[in-house]
Structures are given as structure tokens and as C-alpha cells.
Amino acid sequence: MRALSLFRCGLLLVLTTSPALARDMGEKLTIRTLMVSDHPSQEAQSIYVAGQVVTALRFEKEVDPTKTKFLAWEGRFETPLVGGKKVVLEPIRDLDDGEALPLLVTLVDGTEYTFLVKARSRKGWGWTDYQVNVFKDPGSYNAVLSNLHDALKRERELREENERFKKEENSVDHAYATLLTKGDWRKTPFTRKLVYRPKNQDMDMVVEVFAGPDKAAALVTLTNTYYGGPWELDGAYLTRDFTHSTARPFALRMDRATIAPGETGRIAVVADKSAFLTDDGQLTDLALQIFRGDGLLQVFVKLERTLIQK
């Protein structure tokens, strides 16, 4: 295997350009603290990466480039960068599910760390590691400080999530979406404008599009026929031009978290007029994209500006 490269200026370039790329991709980037024990039973820690998104491992001491090994990275990653206290990885593409590439990092004092580099989770609320701060001594100043930042971040996220849930409980759009998933669209102010069945070999799908006063909605009914296992939602995006950088707000409701083989589930989306407005105040069409658990696009729904009624 070729030696890992050392480019100090290259490290700065990659780290400063990656966040913008990752945000455009809609990634959930995470900076986390990893406490690694030297106990013999300690399993290799997992590092989660995504295609064309930089992941940096940051250590307490200098890394020895000559004794740092990343197995089978050729063809999957750009040349790994090792310099100072950092190891930087950038996958050329998303790794396949189940892939786990061993990474051995050796510090100049001889301390060794073993990691398994894996694909980011494509189910639920998986994340991509943007930066991993690795510590061996939990009582060190930097370790305590890093853990404190992590705790404050989790507290802030929980507080924001609780506030979001409170708003959703009182949100008219979420109430409408709930009625749609129950099949009670006649109890809403919407008028059904379009019904069609997209062709798919794994799922029997029905898409209903609704118009309403200053709002639009879509109801997707999925029957798991040939998927081979439970169907799960990976994510839903409402965008102007198919890129996550133009994502617009909306209300979403599902009547079940997973759809087992033979079962039927509904996903309802309600978008306010404000989501259809461009920066200059003009109405535009939107694209609703719903992704299934393996990361593939399950269904695409076009929400035209004409659905917004006075």
C-alpha cells in the first residue's frame, strides 16, 4: 500500500471547503468526542463517512505518518492526509452497506488506535462524522472541554427539538397532515386535484395531490408488496430545483413508522404558500422527494404553484 500523504496546506484547504459541500448534500454532520480505552477487550471504534465529504480525526498528540495504515482505501478514497494531530479521510463515493475499512493510527509516542471506517447510516437519523476528537485520558483538560461542548450541544438540540414538537402540536399544517393520513381529507380545506399510481416493482403506490387556500398538500399511500422486509422512511425533502440547498419548510405526518410486508402506510405533506415563494416574492413549483431506508428515491411528487388558491 502506498504511504499516506502529508500536506499541511492541503489539510487547511480541504477542511475549509468541505462544510459547504456537505450542507448542499443535506448531510447531518456531527462533531463528536470519542473516548478510547486501552483495555484489551476494547472493540474498534466506528467512524461514519459519506461520499465527497471530508472526515477529520483529531488526536491529543502528533500522528506518526509512517506507522498509520488505512487498508484497502485505493479506489474508494482520495489519498488520506496525515499531518500534525490529524488524519483526514475523503471517500470518492458512498461506501456500500456492510463495508468496513480498518484504519490504524499510531501517535509519535507509540500509542495505537484502531478504527473501522463505515458508510453513514441510511436509516433513521444517521450521521456523517465531520470531526472526531479522540482522547485516551478522560480526565485531561482537552477531553473534559470536548465532552462539555458535546453535552451543551446535546442540551441545545434537545431544547430545540422540544420547542419544535410543541409548535407542531399546535400547527394547523400538521393537523391537516394528520387528517390526510387518516383518509379524512374532506375535513380539511383541500380539494383533490390529481390521483396517479407511479410504477414500482417493490411497492404499490398511490399519490394524491391537493390544492387549498394558501396551501398545497400531497398524500402518498404505500403498500409493501415485494420489498422483502419492513419499509422505512429515510427522509423527505421539498425543494425548488432538486438540490437540498433550496429545501423549503413543510409539515409531515406518517401513520406508521415502518411498513411491514403486506401492510399499507400513508405519508402526508402540507406546504404553506410561503414555501412556494422565491426571494423576489414570486410563486414557483416545488419538488417533493421521499427516500426509503436504503437511501434510494421512492417517489417524486411535483407540487405546482397553481395548487395555491386564494
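Reader: What are helices and strands here, and how are they numbered?
Author: Helices and strands are DSSP runs, numbered from the N terminus; a strand, written E, has at least two residues. This is a predicted model, and the protein in it has 3 helices and 19 strands. Take Asn224 as a case: its place is in strand E12, which covers residues 215-224.

Reader: Is Asn224 buried or exposed?
Author: Buried means under 20% relative accessible area. Asn224 has 1% relative accessibility, so Asn224 counts as buried.

Reader: Which residues does Asn224 touch, leaving out those up to four places away in sequence?
Author: Among them are Asp202 and Met203, then Gly229, Pro230 and Trp231. Ile259, Ala260, Pro261, Gly262 and Glu263 are also touched by Asn224.

Reader: What share of the residues in the protein is buried?
Author: Buried residues are 42% of the 310. The accessible surface comes to about 16700 Å², and carbon and sulfur atoms hold 52% of that surface.

Reader: How should I read a nonpolar core?
Author: In soluble globular proteins, nonpolar side chains tend to be buried together. Here the largest nonpolar core has 27 residues, and Leu222, Trp231, Phe276, Ile290, Val301 and Leu303 are those with the most contacts inside it. Elements that give two or more residues to this core include E12, strand E13 (231-239) and strand E17 (286-292). Strand E11 (203-213) gives the most, with 5 residues. There is also a second, separate core of 24 residues, which includes Leu57, Phe115, Val117 and Val132.

Reader: What does Ile290 touch, not counting residues up to four places away in sequence?
Author: The contacts of Ile290 include Val220, Trp231, Leu233, Ile267 and Leu297.

Reader: How do I read strand pairing?
Author: Look for the partner strand, the direction and the number of bridges. E12 and E16 pair in the antiparallel sense over 9 bridges. In this pairing, Ala217 has Val270 of E16 as its bridge partner. E14 is also joined to E16, by 4 bridges, and these two strands run antiparallel. On this side Ala251 has Val270 in E16 as its bridge partner.

Reader: In what order do the 4 strands of the open sheet stand?
Author: The order is E15-E13-E17-E18, with antiparallel pairing. Strand E15 (258-259) and E18 are at the edges with a single partner strand each, so one side of each has no neighbour in the sheet. Inside this sheet, E13 and E17 run antiparallel and are joined by 6 bridges.

Reader: How many aromatic pairs does the structure hold?
Author: The structure holds 8 aromatic pairs. In one of them, the ring centres of Trp185 and Phe210 are 5.7 Å apart and the planes are at 50 degrees, so the pair is tilted. Trp185 lies in the loop between helix H3 (172-181) and strand E10 (191-196), while Phe210 lies in strand E11, so the pair ties together parts 25 residues apart in sequence. Both Trp185 and Phe210 are buried. Together with Tyr176 and Phe190, they form one aromatic cluster.

Reader: Where is Pro249, and is it buried or exposed?
Author: Pro249 lies in the loop between E13 and strand E14 (251-254). Its relative accessible area is 54%, and it is exposed. Pro249 and Ala275 are 26 residues apart in sequence, yet their C-alpha atoms are 6.2 Å apart in space. Not counting residues up to four places away in sequence, Pro249 touches Leu238 and Ala275.

Reader: What is the mean pLDDT of the protein?
Author: The mean pLDDT is 81, and 74% of the residues reach 70 or more. Over residues 5-26 pLDDT stays under 50, and for these the model has 35 contacts beyond four places in sequence.

Notes. Residues are numbered from 1 along each chain as its sequence is written. This is a predicted model: local features need pLDDT of at least 70, side-chain atom pairs count only at pLDDT 80 or more; totals for chains, interfaces and linings use all residues. Side-chain values use heavy atoms; hydrogens and water are left out. Buried means under 20% relative accessible area, exposed over 50%, partly exposed in between (1.4 Å probe, protein chains only). Contact means heavy atoms within 4.5 Å. Accessible areas come from the Shrake-Rupley method with a 1.4 Å probe; for residues, only the protein chains shown count as cover. A nonpolar core is a set of buried Ala, Val, Leu, Ile, Met, Phe, Trp, Tyr and Cys residues joined through side-chain atoms within 4.5 Å. Rings of Phe, Tyr and Trp (its six-membered ring) pair if their centres lie within 6.5 Å; planes under 30 degrees apart count as stacked, over 60 as edge-to-face and the rest as tilted. Two strands pair if DSSP finds at least two bridges between them. pLDDT is the predictor's confidence in each residue, from 0 to 100.
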